[in-house]
Amino acid sequence: MKILDLLHLIILFTLFVMTFGGCQFPIEWSGSWFQSAIGHLIMVNSSYIETKGECVENQGDKYITVDRTDRDVGYRCIVIHEKHPNVLQYKESMVLKDYHSLDSLCHDITGDAVLLSMFRAEGAIPIPCPFKSPPYSFSYNRGNGDCDTMSKIDSCTDESRLLFTYLACVDVVGTESSGEELVCLAKWKDGATQYLIGKIHNAMVTSDEDRYRCFVYERIPRNNKVVFRVAQSGDATCNGLLSSTEGSKIMVLTRIESQHERCKFPSWVTNHHHWHSLDYKQSYHFSHKNATLKISRDHGITDMKLVCHNIENNSSSSVTLVAHVTEGCSSGYICLVFHHRDSNVIQLYQSNKTAPDAGEACGPGYFNHLKLSVPVTLVTSTEQPSTPATKCSNLGRYTIKNFAILNNIKKRSVVETSTSHSEHCTDQQLFSSLTIGCNGLADTLEFHSSCPEEQNTAYYCHGSWTENTTSYLISSPVSRKSTDAKRYCFVFKTSPSSTDITVERFSESCSNTHHRLSWTFNLTSQGKCTEISASSDSSFIYLPPLISLTLAVLVINTCR
C-alpha cells in the first residue's frame, strides 16, 4: 500500500470516529487544571478528562464519559459550564457500569448535587481586578468581629494584581498584621451575583489548595463613596458562597479619595500622549485624562505607573511635581521635573528613590537639585518631522575637522559601503563638510564625504534647544540603515577662546555621562547658507570685460 493511500485511510478513520463514535470537548478546554482535593493537576484534551475518562456522547453541556480502569468500566454524566476561559464548573452523576441513554443517566443529577470547580493552571491569563482605581481602606471579619483598623489595598503596576496590607486589632481574636498579593484570574455573574477567582500569594501559603480562593462581591451605596462588600471562601472552591454577606472572611472596601484627582500633567507634556526615550528602549504613555503616566519597556511590559499628586512649581517651560509611583507591587512618591525643549522634545529628571510621604518627595532627602541625575530625553513617536516648519538649529555650511568614530564602532556601522576601496578612507575623508538647513531644506542636515564611493548622509531635524553656550538637536536618519538608531542627539558646544564648534553625537541620551558617544568632530563655519549661495551664483554670472566684449561682437555678427 502506498504511503499516500495510508494517509487517506487514517484521515477517513479519524473523521468516522469524530462523526459516529466518541465526542469532543471544546478545544479551548485543553490544558492542565486545578481542582480542590484531587492532589494533582488534571489534564484535559479534546476527547479526554483525566479522572473522568473518555467522552463517548454529548448533547449541549451534557457529556457522557467512560472510565476504563483495569477490568472495570464506569459511565457517568457530567454537566459542564464554562464560567470563564479560566474556570469550569460541573456537576456529575454516580458512576454506572452501563447506561441506557444520555437523558436517563443525566437525569440522576439532582439540583442539590455538589458544584465542583476547576481552575486553569498553566497558561491562565490574569484579568484586571474589578476594584478599580485603588487605594482602598478596608475592614475585615473572620468570624470573631469586625477589625476596623483601616487596613489598606494598594495597586500594582499590573492591573491584575492588588496588594493587601492587613492591620491587627488588639481586641479581635484571629487578626494579625500581614501582607498578601491577590492575582485576579476570572470573573462572571450568576444572575445578580458577581464572582471572582483569585490566587493569593504570601509567606504562609505553600500549596495551590491555599492559594486559590473564590469571592463574591457587590458595590453598596454609601454617601457617594465607592464601597464594595466582599465575601471570601475558606477553601479552593465556590461551594456555599452565595452572597457578599456570607463567607469565611467578609471585607468592606472603601476607595480613598485623594489629591491625585485634582492634579494633571502640563498640557505641553500631554499634547502628545505617546513619547519614547531617545534610544526607544522605553515608551511613556500619558492617559487621556492627563493624570497618569505608564512607563513600559520596548516589548510592552509596564515597568512603572505614575499618578500626578501635586504641582510644586510650574512655568511655561518647566514643571516640578510630585507623583505617586507604583513599581511591581511597591509604591511611594517621587519628584519629577519636566523641561519643555521643543514641540517634539521634552526632558525628564526624577528622584532616584521613593519617599513614603508626598511632602518629602521633592525635599533634600530624596531629591537634590545640585546632584540631578542625567535627564531622560523624550521624543514623539512620529518618524518624520511633525511639520515642514521643524527647522534645524545652527543653519549654515561648515567644514569638518578631527572627525572620529568612537567606542570601536567600525566605519561600516556608520556608512554602508559599496566597494572595498571606501574602507581605505580616513575618518576625515569619510565626512569632510556639513550643511544644515541649506538648499531649501530647512529641516535637514547633510554630511558630505570626500570618498568617491560614499554617498552623503542626511538627517531630519525633530527639535532643538540651547542652554548657555551649548545647543542640542534631535534628529533621525533620512534613510535608516540596519545599524542606525531611530533617533540621535547632536550636541554643539562653542567656546569663547575658539571660533570652532565641537560636535558630539549620542544615541541614548544627550549627555556622555554613562551613555555611548559615537561621533565627535569640530566644525569651522563657512558662512550662512544664503551667503554661500549668493557668492556661488555671482561667480557664474560675472565675466571679465574683455570676454564680455568678445561675446557681444559674436552675437552682433551672428544677427547680421
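1. Cys147 and Cys169 form a disulfide in this predicted model. Their sulfur atoms are 2.0 Å apart. The S-S torsion is about 95°, so this disulfide is right-handed. Cys147 lies in strand S10 (residues 146–155), and Cys169 in the loop between strand S11 (161–166) and S12. The two are 22 residues apart, and the pair links distant parts of the chain. Cys147 counts as buried at 0% relative accessibility. Cys169 is also buried, with a relative accessible area of 8%.

2. A disulfide also joins Cys129 to Cys184, with an S to S distance of 2.1 Å. Its torsion is about 105°, so it is right-handed. Cys129 sits in the loop between strand S8 (116–120) and strand S9 (136–141), while Cys184 belongs to strand S12 (residues 178–190), so the pair ties together parts 55 residues apart in sequence. Cys129 is buried at 3% relative accessibility. For Cys184 the value is 0%, and Cys184 counts as buried.

3. Cys263 and Cys308 make a further disulfide, sulfur atoms 1.8 Å apart. Cys263 is in the loop between strand S16 (249–255) and helix H4 (267–270). The whole structure holds 11 disulfides.

4. Next, the aromatic rings. The count is 33 aromatic pairs. One of them is Phe447 with Tyr459, edge-to-face, 5.9 Å centre to centre and 80° between the planes. Phe447 is in strand S27 (residues 444–448) and Tyr459 in strand S28 (residues 457–467), 12 residues apart. Both Phe447 and Tyr459 are buried.

5. Tyr459 also pairs edge-to-face with Trp519, at 6.5 Å centre to centre and 90° between the planes. Trp519 lies in strand S32 (residues 517–525) and Tyr459 in S28, so this pair ties together parts 60 residues apart in sequence. Trp519 is buried, as is Tyr459.

6. These rings belong to a cluster. Ring pairs link Phe403, Phe431, Phe447, Tyr459, Tyr488, Phe490, Trp519 and Phe521. The charged end of Arg505 sits over the ring of Trp519, 3.8 Å from its centre. Elsewhere, the charged end of Lys353 sits over the ring of Tyr366, 5.2 Å from the ring centre.

7. Now the whole protein. It has seven helices and 32 strands. Of its 560 residues, 43% are buried. Among contacts between residues at least 6 apart in sequence, 47% join residues at least 24 apart.

How values were computed
Residues numbered from 1 in each chain as written. Predicted model: local features only at pLDDT ≥ 70, side-chain atom pairs only at ≥ 80, totals over all residues. Heavy atoms only, no water. Helix = DSSP H or I, 4+ residues; strand = E, 2+ residues; numbered from the N terminus. Buried < 20%, exposed > 50% of the residue type's maximum accessible area, 1.4 Å probe, protein only. Contact = heavy atoms within 4.5 Å. Phe/Tyr/Trp six-rings, centres within 6.5 Å; stacked < 30°, edge-to-face > 60°. Lys NZ or Arg CZ within 6 Å of the ring centre and 35° of its normal. Disulfide = S-S within 2.5 Å.
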